[in-house]
Amino acid sequence: MGQEDAVSFEGQLHRDKKPKDKILGLIPRQFYWLRKLTDELHWSFVSSVVILYGVNQGMSLGLSRISTQYYMKDEQKLQPSEAQVYFGIIQLPWVVKPLWGLLTDTLPILGYRRRPYFILGGFIGVVAMLSLSINQNLHLAFALLCLMAGSAGVAIADVTIDACVTENSISHPSLASDMQSLCGLSSSVGQLIGYAISGFLVHLIGSKGVFGVLSIPAGLVILVGMMTREVHVHNVAYKRASQKFMDAGKAMWMALKCENVWRPCIYMYISLALSLHIHEGMFYWYTDAKDGPSFSKEMVGSISSVGAVGSLLGVLLYQNAFKNHPFRGVLFWTQLLYGASGLVDLILVSRVNLKFGIPDYVVVVSDAAFSHMIGRLKWMPLLVLSSKLCPSGIEGTFFALLMSIDHIGMLTATWGGGLLLHAFNVTRTQFDNLWIVIVIRSILRVLPVFILFLIPSSDPNASILPTEMLKGKKADDKLENQNMEMAPLVSSVDQHLVDT
């Protein structure tokens, strides 16, 4: 399609004023958009983004979440508090995400900087998922090791595709927003599909069978590594790579010592750490409690898919209504609403909804949509704030560091929730004290409003860092840093779904 044809095509779409035709016009417009990206960036890159974000992250997230829950409950016979703690352990590879970013940026393998890491991440994922699927009566320690390895494979591939997206954003600045849209669209659609079919698959082939299915997305990552277009680097200076690794570490430490950086970091950690996760206690109550709703696997999967829709609504709501509001104001109200949303679980556990003739499924689905939407509204300002805390020259790696701090906060919340369930003796068969756990969790969710003074009160569109930290590097340094990994917001947001 030539340039004149494209202009004529766009003009025709805008001249058509009928609503029905406008809606139908969106379909060919999306095909034109994908064709434009393919022509400019090559089909292999576009395919890689769809596979990595849509299949390996999005769809796999939905499938692995539900299958792991049932695997912990039915195969390993774990208590809710134990499963809660082990879920945190599985996510440890994401805490060290900056390490993967620095490795793929500074340590080429056999003359390639990206391809080997795709192949490595895919190979680790395939071996881990097949090991879980094939072995019978797998010991808990080995099962956790396999689950952690699978998580590490996804994390390595995630960081590597982030770097590829950043490189193309630098070489094709006019297509940067289009690439982020492609990443977000692929991830969102993949998650919805994954959550929607997860319950049915677990019912049909069991949780271990789903692990076997998850080896397919990991295998596709290996395919991405094979088809990725990358220039071979001759005579790699590994000593220089080591020096670059140390220089990046020193630069990050210097940035963290800045007051405008460490104060928001403390708030982000405490805010996430106090948002205790008790989802395993609720999951066991949904499925095993004698007086509970006894949801089927299909229902559990559908609840999660509705939660994913709520998260997308939260992103759209923030983008269109709250992105220009001060961080403090948005965080204040979302923190209060986030605490209030947790009390819906209290209505379920106390069975108050049945007294008014409201079915359990209606309440749970409504709660999933609302709580995920509020959780995303609370999360989005923190992501935007994090992007403004990154000094010039180390933007990508420092953003990954901030995301690691957030993951540590979520890990603390996961383990704290497990400790709370254990302290109040919430087990596979005992749920008498679950309401107390819900009340404590809801109160703790509100407490971060008292440390909002750590968050800048300035215009969200204004710069936060000192001027000297925003100055660009010299031209010779810029070329070298063009390949630094810069994690797109969408990948961090998607990972956050694992813990909400």
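Author: A salt bridge is a side-chain nitrogen of Lys or Arg within 4 Å of a carboxyl oxygen of Asp or Glu. The model is predicted: local features need pLDDT of at least 70, side-chain atom pairs count only at pLDDT 80 or more, and totals for chains, interfaces and linings use all residues. Numbering runs from 1 along each chain as its sequence is written, and side-chain values use heavy atoms, leaving out hydrogens and water.

Reader: How many helices and strands are in the protein chain?

Author: Helices (H or I, at least four residues) and strands (E, at least two) are DSSP runs, numbered from the N terminus. For the protein chain the counts are 22 helices and zero strands.

Reader: What share of the 500 residues counts as buried?

Author: Buried means under 20% relative accessible area, exposed over 50%, and partly exposed in between, with a 1.4 Å probe and protein chains only. Of the 500 residues in the protein chain, the buried share is 52%.

Reader: What is the N to O distance in the salt bridge of Asp360 and Arg351?

Author: Asp360 is buried because its relative accessibility is 10%. Arg351 is buried too, at 14%. Their side chains meet in a salt bridge, with an N to O distance of 2.7 Å.

Reader: How many salt bridges does a search of the whole structure find?

Author: Side chains of opposite charge can pair when their charged atoms come close. Searching the whole structure for salt bridges gives six.

Reader: How many residues apart in sequence are the parts that Lys73 and Asp288 tie together?

Author: The side chains of Lys73 and Asp288 meet in a salt bridge (3.4 Å, N to O). Lys73 lies in helix H3 (residues 43–75) and Asp288 in helix H12, so the pair ties together parts whose separation in sequence is 215 residues.

Reader: In which helices do Arg441 and Asp345 lie?

Author: The side chains of Arg441 and Asp345 form a salt bridge of 2.9 Å, N to O. This pair links distant parts of the chain, 96 residues apart: Arg441 is in helix H19 (residues 434–446) and Asp345 in helix H15 (residues 344–349).

Reader: Are Arg441 and Asp345 buried or exposed?

Author: Arg441 has a relative accessibility of 5%, so Arg441 counts as buried. Asp345, at 7%, also counts as buried.

Reader: How many residues of helix H12 are buried?

Author: Helix H12 spans residues 279–288 and is mostly covered. Its buried residues include His279, Met282, Trp285 and Tyr286. Of the ten residues in H12, the buried number is nine.

Reader: How many aromatic pairs does the structure hold, and what kind is Tyr286 with Phe295?

Author: Rings of Phe, Tyr and Trp (its six-membered ring) pair if their centres lie within 6.5 Å; planes under 30 degrees apart count as stacked, over 60 as edge-to-face and the rest as tilted. The structure holds seven aromatic pairs. Tyr286 and Phe295 lie 5.5 Å centre to centre with 50 degrees between the planes, and the pair is tilted.

Reader: Which residues form one aromatic cluster?

Author: Tyr286 and Phe295 are both buried. They belong to one aromatic cluster, formed by Trp285, Tyr286, Phe295 and Tyr361.

Reader: How far is Arg445 from the ring centre of Tyr338?

Author: A charge sits over a ring if NZ of Lys or CZ of Arg is within 6 Å of the ring centre and within 35 degrees of the ring normal. The charged end of Arg65 sits over the ring of Phe87, 4.5 Å from its centre. Arg445 lies over the face of Tyr338, and its distance from the ring centre is 4.0 Å.

Reader: Which residues does Ser207 touch?

Author: Ser207 lies in helix H9 (residues 176–227). Ser207 counts as buried because its relative accessibility is 5%. Contact means heavy atoms within 4.5 Å. Not counting residues up to four places away in sequence, Ser207 touches Ser67, Tyr70, Tyr71, Glu75 and Val202.
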